[in-house]
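Hello,

Below is the structure I said I would pass on.

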Amino acid sequence: MNIQLTDIVKSFGMLRANDGISLSVAAGTIHGLLGENGAGKTTLMKVLSGYQPCDSGTIRVDDREVSFDSPEEAIAAGIGMLHQDPMDVPALSVLDNFALGHDRRLVLSRHRSQSDLARLCRRFGFELDPDALVGSLTVGERQQLEMVRLLALGVRTIILDEPTTGISAPQKVLLFETLRGLAAEGLSLIFVSHKLDDVEQLCSRATVLRDGRVAGEVLAPFDTDELVSLMFGQCLSEVGRSDIAPGEPMLEVADVSVRTHRLEITNINLAVRAGEVVGLAGLEGSGQGILMQTCAGLLRAHKGRIRLGGQDMSRSSYHQYLQAGVAHVPAARLEEGMVGGLTIREHVALAHQPTGLMVRWSEAEGNARERIDTYRVVGRPETPVASLSGGNQQRLLLALLPEHLKLLILEHPTRGLDIESTRWVWNRLHARRRHGTGLLYTSTDLDELVAHSDRIVVFSGGRMSAPVPAEDITCEELGYLIGGKGYDA
Amino acid sequence: MTRERLTRLGYALAPVLLTLVLACAILLLAGANPLQALGALFLGAFESGRKVADIAAAMVPLLLCAAGMLITFAAGLWNIGVEGQMIAGALMTTWVVRSIDVPAALLLPLTILAGMLGGALWGLLIGALRTYGRVNEIFAGLGLNYLGAALTNYLIFGPWKPPDGATMSGTEPFPKAAWMPTIGSTRASWLGILLAIVGIVVVYFLLRDSYWGLKLKAIGLNDRSAHRLGIDTRGNMLLAFAACGLLAGLAGSLRATAVYHRLIPSISGGIGYLSQLVVLLSGLRAQIVPLVVFFFSAVQVASPRLELRMSLDSSIGGVLQSAMVLFFLLVRGFRGRMQTAQEVVE
């Protein structure tokens with residue numbers, strides 16, 4: 001099946017996620033789609049698989065123009081997508097999930113579904129127990145289930161969105177074998193990834209996206225340097241770093257392992273000293289978020305020790321972390337950071353360690369005004385925080401932080417902010433360093449990481465690189481590490 | 001009047017008008033004169049001092065339960081278990097009256113405390129099922145309502161049955177020392193009225209001005225953020241259930257000591273469910289609750305009269321109450337949709 005996308009444009013509000021992307025995939029090939037977070041990969045693939053319509057542009061399948069209003073229509077036309085988070089029904093059995101959408105008659109024929117499932121599993125060497133609950137499967141097994149389900153629906157083009165994230169090494173070998181086999185049978189496969197190794201091993205051709213446009217198209221054998229520079233662009237020159245000498249260790253992470261349902265990080269060692277800024281690089285969901293939540297007491301490490309200012313916190317609760325002087329500023333401001341329906345004044349009242357039974361509203365009002373002034377929030381004390389702009393929400397989050405902190409953890413502190421706000425936020429953060437606060441933060445902006453960190457560590461698929469002094473690292477080296485290359489075995 | 005205010009007034013009156021239209025339609029279908037019937041329904045409750053006292057008596061438990069429900073609603077919890085909490089309060093009260101030997105002057109205060117304690121414990125049980133057992137509070141509350149009703153029947157027909165045999169009319173009457181003093185020979189008890197007023201006023205200020213109220217509001221709006229902000233979400237939810245139970249338990253206790261002077265099988269009388277409608281109709285605002293409670297109670301007192309005078313079934317009052325809540329929610333939903341549509345256009 002030949003797929004041809006021409007001039008696809010898709011905007012979300014002000015953001016042009018896809019800005020005139022063209023791409024063609026030949027039958028019987030595995031086509032890589034590379035790019036950073038936010039480059040437009042997933043948006044493009046959702047357009048192709050019928051999950052969302054594009055604003056303009058055309059899709060041609062075997063030289064026939066098509067348009068899909070739903071995933072069902074795309075599947076009927078032979079295009080199926082394997083999502084990063086499997087879209088199955090965890091409470092149902094493997095067999096029931098397989099039969100979903102597959103058996104279109106009124107009465108399900110379990111017997112026929114069962115033999116279909118067994119046949120497909122045999123063919124690809126998958127070992128799926130039809131009666132197991134999907135919720136109990138590993139990510140890799142759920143992926144296998146989703147793949148045989150799509151194939152049973154007669155799909156001839158499969159889009160795989162970051163399929164190697166969260167699956168085991170043997171599962172990955174099996175997956176690649178399967179994909180090569182399918183390509184040999186004439187199926188078209190689109191392999192969306194940020195992992196350079198995977199793309200180099202598997203794909204015959206790769207398209208690199210950056211900022212919603214095609215940055216380039218490359219044929220195998222690939223030149224890694226070329227891929228990296230296409231993905232990340234050229235780095236700006238370095239910015240003068242501050243001259244604050246780091247002090248005592250504020251955070252010590254020793255041999256920490258944390259398991260979540262998606263990803264596991266193992267044997268992490270890291271220290272953040274007073275006044276030091278440590279930047280965490282890596283594509284989203286590579287493990288840096290897990291480490292930060294663990295350091296804030298929001299996740300519990302099942303192995304290893306965490307010390308704050310010399311005090312062992314390995315078994316402490318989130319509240320104890322708060323009391324010990326740690327703050328975590330989440331990227332999802334209204335989902336996790338603030339309560340959208342409450343006003344600025346109410347947030348200020350809550351942030352002041354409440355004493356006594358009744359709120360002293362006049363005091364809270366004064367405090368709110370003071371913080372609004374100092375942090376230049378565009379809003380009034382009675383403004384609900386949900387109606388503030390993103391930049392003002394970020395300013396308010398910083399305004400609500402306690403004055404003295406040992407460790408300040410920030411997820412994407414300047415995401416979505418304009419240049420002026422970004423500079424302002426960093427001024428504030430550097431001011432806190434001078435008071436001895438250690439900073440740990442993530443960013444997807446390599447320039448920002450290099451400019452503001454003392455040291456940088458990179459995450460890829462749950463692995464952490466050794467910390468590198470920011471002044472010694474180049475964006476290119478960062479790009480390699482983010483793409484999963486250059487780690488110790 | 002500006003256009004905006006007119007619109008707001010329109011939205012406020014629409015549910016009332018829609019309810020009246022529906023009521024007229026039902027009354028016409030039943031072959032009654034709608035004007036006469038509605039007149040009897042709304043004015044009938046005020047024809048004598050005794051009737052007014054009846055309204056006051058009916059308001060007491062409803063106001064207490066609604067006050068409690070305001071607390072759990074603030075924390076974003078659907079506390080369906082108010083009925084059970086009332087029952088628990090009545091059971092504890094009855095137990096105290098039957099089993100504890102105290103001077104007559106201390107008996108009534110003790111029944112009140114027992115009722116509050118019973119309701120609070122029952123509420124805590126629902127809260128614990130929700131926070132530790134991960135049982136949705138709706139199911140926990142509903143399940144425990146049935147358990148409470150069954151427990152009442154067991155006690156009335158078992159250990160607490162009167163010497164001359166168990167009947168649906170309940171236990172033996174309480175001794176006079178356990179009767180709430182009433183105003184004259186009416187059914188209204190001044191102590192009950194006072195407690196209900198204190199209850200709603202305290203809840204109003206608690207939710208408006210206390211740190212606890214602010215925390216509950218944060219939890220109700222977004223419990224994840226609330227947790228991140230350092231609020232103990234579990235503990236405060238438990239406390240909200242307990243506080244609601246305390247007020248509902250008091251209501252149940254007063255039903256036993258002020259109205260029936262005994263424990264009867266359906267001691268909660270559906271008031272717990274009714275209070276939910278009250279709170280929804282008041283838009284979760286404590287200052288509106290007394291008005292709604294007053295209206296509901298007046299309709300309730302007048303309904304039986306309809307049956308006597310116009311041979312209409314007295315359930316028409318309940319139909320009106322429920323219809324008004326539905327229309328209120330419907331109009332509010334419609335208004336929300338119109339506003340979003342407007343924002344999108346802008």
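**Interface of chain B and chain A**

Chain B and chain A together bury about 2,100 Å², and 64% of that area is on carbon and sulfur atoms. Please keep in mind that this is a predicted model. The contact draws on 26 residues of chain A and 20 residues of chain B. On the chain B side, the greatest losses of area to chain A are those of B:Tyr211, B:Leu214 and B:Arg228, which together make up 39% of what that side buries.

As for polar interactions, 14 residue pairs are in polar contact between chain B and chain A, counting pairs with both residues at pLDDT 80 or more. Three elements of chain B give two or more residues each to the side that touches chain A: α7 (190–209), α8 (211–221) and α9 (223–228). Of these, α8(B) gives the most, with six residues. Sorted by class, the side of chain B that touches chain A has eight nonpolar, seven charged and five polar residues.

Three salt bridges are found across the interface of chain B and chain A. One of the salt bridges pairs A:Glu336 with B:Arg224, where the closest N and O atoms are 2.0 Å apart.

**Backbone of chain A**

Some background for this part: most peptide bonds are trans, and most residues other than glycine have a negative phi. Chain A has exceptions of both kinds, as follows.

Which form does the peptide bond from A:Ala220 to A:Pro221 take, cis or trans? This bond is cis, with omega near -5°. A:Pro221 sits in the loop of chain A that runs between β10 (213–219) and α8 (224–232).

Two residues other than glycine have a positive phi: A:Asp62, near 50°, and A:Asn267, at about 50°. Where do they lie? A:Asp62 is in the loop between β4 (56–61) and β5 (64–66) of chain A, whereas A:Asn267 belongs to strand β12 (residues 264–273) of chain A.

If you look at the backbone, A:Pro221 with its cis bond and the positive phi values of A:Asp62 and A:Asn267 are the places I would point you to.

Regards

Key
Residues are numbered from 1 along each chain as its sequence is written. Chains are lettered from A and ligands numbered from 1 in the order in which they are written. This is a predicted model: local features need pLDDT of at least 70, side-chain atom pairs count only at pLDDT 80 or more; totals for chains, interfaces and linings use all residues. Side-chain values use heavy atoms; hydrogens and water are left out. Helices (H or I, at least four residues) and strands (E, at least two) are DSSP runs, numbered from the N terminus. Contact means heavy atoms within 4.5 Å. Buried area is the accessible area (1.4 Å probe) that two parts lose on being put together, summed over both. A salt bridge is a side-chain nitrogen of Lys or Arg within 4 Å of a carboxyl oxygen of Asp or Glu. A polar contact is a pair of N or O atoms within 3.5 Å; within protein, one must be able to donate a hydrogen and the other to accept it, and residues adjacent in sequence count only if both atoms are side-chain atoms. Ala, Val, Leu, Ile, Met, Phe, Trp, Tyr, Cys and Pro count as nonpolar, Asp, Glu, Lys and Arg as charged, and the others, Gly among them, as polar.
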